[in-house]
Amino acid sequence: MTFLKVENLKVYYPVRGGFFRRVIDHVKAVDDITFELKEGETYGLVGESGCGKTTTGRTIIGLNRPIAGKIFFNDIELTKLKRRDFYQYRKDIQMIFQDPYSSLNPRKRVLDIIAEPIRNFEKLSPNEEKTKVMDVLEKVGLSPESIYKYPHEFSGGQRQRIGIARALTLNPKLIIADEPVSALDVSVQAQVLNFMKDIQKEFNLTYLFISHDLGIIRHMCDRIGIMYRGRLVEEGTKDEIFEYPQHIYTKRLLSSIPQMNPEERIQHMAFRRKVNEEFKNNYDKYFDAEGKIFDLKPISETHSVALP
Ligand SMILES: Nc1ncnc2c1ncn2[C@@H]1O[C@H](COP(=O)(O)OP(=O)(O)OP(=O)(O)O)[C@@H](O)[C@H]1O
Ligand SMILES: [Mg+2]
């Protein structure tokens, strides 16, 4: 049984123009990607801004409709289900949104924010509901009195914890974490990330972890998919991606990580020069005549690269 399978997924956004706001073109935000998640693992989706990471996540939880492709969750094809039936699976898949400042309704108290998913799926008495909310708040390390506060009364890190608590209330199996810490101070980032690792073990969660930060991806993920312009250019285990990157885009991403250690810095600068050189001279090798990215091809059991 596959836990989550995304098959040949395509998501396009219409571009409108002219007096009648007719559709004149499409943004190919996600353009034919295929990948799988095993239960209990953390799969990282990484790539530069605008490459389609958020769109992929939103499509899996049903906030965007694909124009082609299939999504399977525990062997059930979500993309085939009617809205009403899909709803049942939405309970098992939750998302932590990119921006803790705008993803929480500023006019609602924490109680209502966290209880919202419960209200959609379960009928609880006000007291039962309150107990349940206080319970998850405790799990994310916030005090029970927080339920009467509003989002602006919290720090960024605390707010992200509220987002995590909200995602946890229904005991989901899969959490799509979209840049869960990128809006936070570096000092708070580690705290939230380690917390996410702890609850992963406790609740047997599977993460689809979206980030553009390779340092964080390395810290969190078992397997990694590198996205570029709506496509996957490489996929492999953490070691394969970091130790044996094959696609020029992966190498470019890796070469752009700043090096703190002065001794390694010189070596790293040489690596960056080599990668840039290779990018200039061998560009054609990695893209077809129209500049399109090739399909992924396996080079080992776990490692695939988009090469001709
Ligand atoms: N609602 C929308 N309407 C039209 N185009 C959109 C919409 N949302 C996203 N796009 C476009 O789709 C592409 C992919 O966007 P997406 O938000 O998935 O990227 P991302 O990888 O999450 O980027 P970031 O790292 O900046 O969050 C971008 O080119 C973006 O401009
Ligand atoms: Mg995004």
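Author: Start with Asn204. It sits in the loop between helix 6 and strand 8 (206-211). This is a predicted model.

Reader: Is Asn204 buried or exposed?

Author: Exposed. Asn204 has 11 C-beta neighbours inside 10 Å, and the cut-off for exposed is 12 or fewer.

Reader: Which residues of helix 6 are buried?

Author: Gln189, Val192 and Met196 are buried. They cover an arc of only 75° around the axis, so they are on the same side of helix 6.

Reader: And what does the face turned away from the buried side carry?

Author: Exposed residues: Ser187, Asn194, Asp198, Lys201 and Glu202.

Reader: What covers the buried residues of helix 6?

Author: The cover includes helix 5 (156-168) and strand 7 (174-178).

Reader: Which residues lie on each side of strand 9?

Author: Arg223, Gly225 and Met227 are on one side. Ile224, Ile226 and Tyr228 are on the other. Both faces are covered. In a regular strand the side chains alternate between the two faces of the sheet.

Reader: Strand 3 and strand 9: parallel or antiparallel?

Author: Parallel. Strand 3 (residues 42-46) pairs with strand 9 over 4 bridges. Val46 stands opposite Ile226 in strand 9.

Reader: How many bridges join strand 9 to strand 10?

Author: 6 bridges, and strand 9 and strand 10 (residues 231-237) run antiparallel. One partner pair is Gly225 with Glu235 in strand 10.

Reader: How many residues sit between the strands in the hairpin of strand 9 and strand 10?

Author: 2 residues. Arg229 in that hairpin takes a positive phi near 45°.

Reader: Now the ligand. Which residues are around ligand 1?

Author: Tyr13, Val27, Ala29, Ser49, Gly50, Cys51, Gly52, Lys53, Thr54, Thr55, Gln98 and His212.

Reader: Which element gives the most to the shell around ligand 1?

Author: Helix 1, with 3 residues. Strand 2 (22-37) and helix 1 (53-60) each supply at least two.

Reader: Zoom out. How many helices and strands are in the chain?

Author: 11 helices and 12 strands.

Reader: What is the radius of gyration of the chain?

Author: The chain has 21 Å. With 308 residues, a compact globule would have a radius of gyration near 19 Å, so the chain agrees. The C-alpha atoms fill a box of roughly 65 × 55 × 50 Å along the principal axes.

Reader: What share of the residues of the chain count as buried?

Author: 36% of the 308 residues.

Reader: And what share of contacts join residues at least 24 apart?

Author: 64%, among contacts between residues at least 6 apart in sequence.

Methods:
Residues are numbered from 1 along each chain as its sequence is written. Chains are lettered from A and ligands numbered from 1 in the order in which they are written. This is a predicted model: local features need pLDDT of at least 70, side-chain atom pairs count only at pLDDT 80 or more; totals for chains, interfaces and linings use all residues. The radius of gyration is taken over C-alpha atoms; the globule rule is 2.2 Å times the number of residues to the power 0.38. A residue is buried if 20 or more other C-beta atoms lie within 10 Å of its own, exposed if 12 or fewer, and partly exposed in between; C-beta atoms are placed from the backbone. Two residues are in contact if their C-beta atoms, placed from the backbone, lie within 7 Å. Two strands pair if DSSP finds at least two bridges between them. The arc is that of the directions from the helix axis to the C-beta atoms. A residue is near a molecule or strand if its C-beta atom, placed from the backbone, lies within 6 Å of it.
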